[in-house]
Amino acid sequence: MKINLPFKGVMDIKTLLALRFLIIVASLLFIYSIAVYQFSSYFRQKEFYDRLKEKALSTAKLLLEDKFDSEILKIIDRESFNAIISEKVTIYNDEDQPIYSSDEFYIPASKELLSKIRRSKELEYKVDSLEYVGLDFRYKNQDYVVLSSAYDKYGISKLSNLELILGIGFVGSLILVGISGFIFSRQALVPIADVVRQVDNITVLNLNNKVDEGNGRDEIAQLAITFNKMLKRLEDSFKMQRSFVSHASHEFRTPLTSMKGQIEVHLSQKRTIGEYEDVLHSQLEEINKMIKLSNGLLELAQANADISSMNQKPVRIDEVLYEIRDEILHRTPEFKIDIRFLEFPEEEEKLSVMGVDQLLKSCFKNIIDNGCKYSKNHTVIVTVDFTSQYLEIIVADNGIGISWEDQRQILQPFYRANNSRSIPGHGIGLALAAKIAELHKGRVFVDSELDKGTKVIVYLPFMPVPNDVNAVKGFA
Ligand code: ADP
């Protein structure tokens, strides 16, 4: 089970499945980890800015509203602020002068920054690792700006821990998913490997062996069932081929044996010239029959080929029928062939079939010949009619007929009905006619009654008449 992937060389299905599974899980995990990290980072920042805001507000209130002495407030601030994270608050008055700072260094602020804070009432910003909040604070018609800053040491450290956990989790999960995916895909493909092994053991000598169909429901079972059906078709076709070859050799052996016997008898003693001539005539007759048989076999082989590889063209069926009538009557003048059209179509296309004219001629020649051959009055009536999509050609005679049982097999090569044994033939003509009709997407039907007569009906799709696009889509 190898798959050729462009640019990737050769990779087996289980590796490919495991790899695809891994890529899907890796993408999902990656997206998930990024989302977790981004949300955590957002909430950390939000919480930290809220804390800075609280600090800024409480310092401003204590200094301005509660009138705390700035030196005492500094002491309180220093006590409550966390030096490790460099917490600091600075208050600017409406002249942009710093009036208070929680330690000896003011938080620097340009005039633009202060006026921006006054305009937006509240501003959050970050410079290097320090985060800042600026608030516009109004008290007794005075406009103050309170700046609060700090470095979120714990939050940042938690975030980098999270980054590490997510990274390790990502890589670890990928390793586990890769291993389990490979095991899983190998197990999933075991039944296929099993089918392959069984199929490998089937050769032309044991086509009757079957592949195990398992539970008969899942995809593997469907594969096995389909394969078994194909085996059955192959077996049937091999059987048909074998019986075809044995029939064909039998058909040749019989006249050859009789020719050999005749020659041996005539060679056993001296004969007159007239007797030798008789033998040669009868031998010639047999040879002609064998040539006819081998031509028939050749045509049958041809009719089994793919029609698309043959030279197809529109063939007028009325012309074919008249040509065949002339040919047959020229060869056997006592035959009578009456061709009738139930209605003559206005469109020429309705009389034309897309196909191979030699094959179509052979099809009708065999059927019409049979009609004449198997009836005492040697007469057939050929009627041409139409259905919505098909030309219908009925070749009817009042001859010996075909029994109901024989009708079911009469289209098989070499099959001859018992009542026709006294009349020469090889049993190829009708099979050939049916094959040729099938090749042209048509059908042959036989409707017959013993001792009453036979109708052989040929359906052939006529060429689509322009602007009748629905015509001719194959035999329903
Ligand atoms: P062949 O005529 O050379 O034996 P075909 O394949 O043409 O071979 O016909 C097969 C058999 O079908 C014939 O042997 C005959 O038994 C039967 N058959 C065909 N056409 C007719 C017919 N029109 N009337 C009676 N039997 C027929």
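In this predicted model, strand 9 and strand 11 (residues 379-386) run side by side in the parallel sense, joined over 6 bridges. Within that pairing, arginine 340 sits opposite threonine 383 of strand 11. The pair belongs to an open sheet of 5 strands, laid out in the order 9-11-12-14-13 with mixed pairing. Strand 9 (336-341) and strand 13 (443-449) are the edge strands, so called because each pairs on one side only. From one strand to the next, the twist averages 15°.

Helices pack on this sheet too. Helix 8 (residues 317-331) touches strand 9, strand 11, strand 12 (390-397) and strand 14 (453-461), and its direction makes about 165° with that of strand 9. Helix 11 (residues 429-439), for its part, lies across strand 13 and strand 14, at about 140° to strand 13.

Then there is the ligand. A shell of 20 residues surrounds it, and the closest are Asn370, Tyr374, Arg416, Ser420 and Leu430. Glycine 427 uses its backbone instead, with an N or O atom 3.1 Å from a ligand oxygen, and a backbone N or O atom of isoleucine 428 lies 3.4 Å from an oxygen atom of the ligand. Taken alone, the ligand would expose 520 Å², and the protein buries 97% of that.

Two or more shell residues come from each of helix 9 (357-373) and helix 11, with helix 9 giving the largest share, 3 residues. By type, the shell splits into 8 nonpolar, 9 polar and 3 charged residues.

Technical notes:
Residues numbered from 1 in each chain as written. Predicted model: local features only at pLDDT ≥ 70, side-chain atom pairs only at ≥ 80, totals over all residues. Heavy atoms only, no water. Pairing = 2+ DSSP bridges. Helix = DSSP H or I, 4+ residues; strand = E, 2+ residues; numbered from the N terminus. Axes fitted to C-alpha atoms, helices over the stretch in contact; angles between N-to-C directions. Contact = heavy atoms within 4.5 Å. Near = heavy atom within 4 Å. Polar contact = N/O pair within 3.5 Å; in protein donor to acceptor, adjacent residues only side chain to side chain. Areas by Shrake-Rupley, 256 points an atom, 1.4 Å probe, with all protein chains shown as cover. Nonpolar A, V, L, I, M, F, W, Y, C, P; charged D, E, K, R; others polar.
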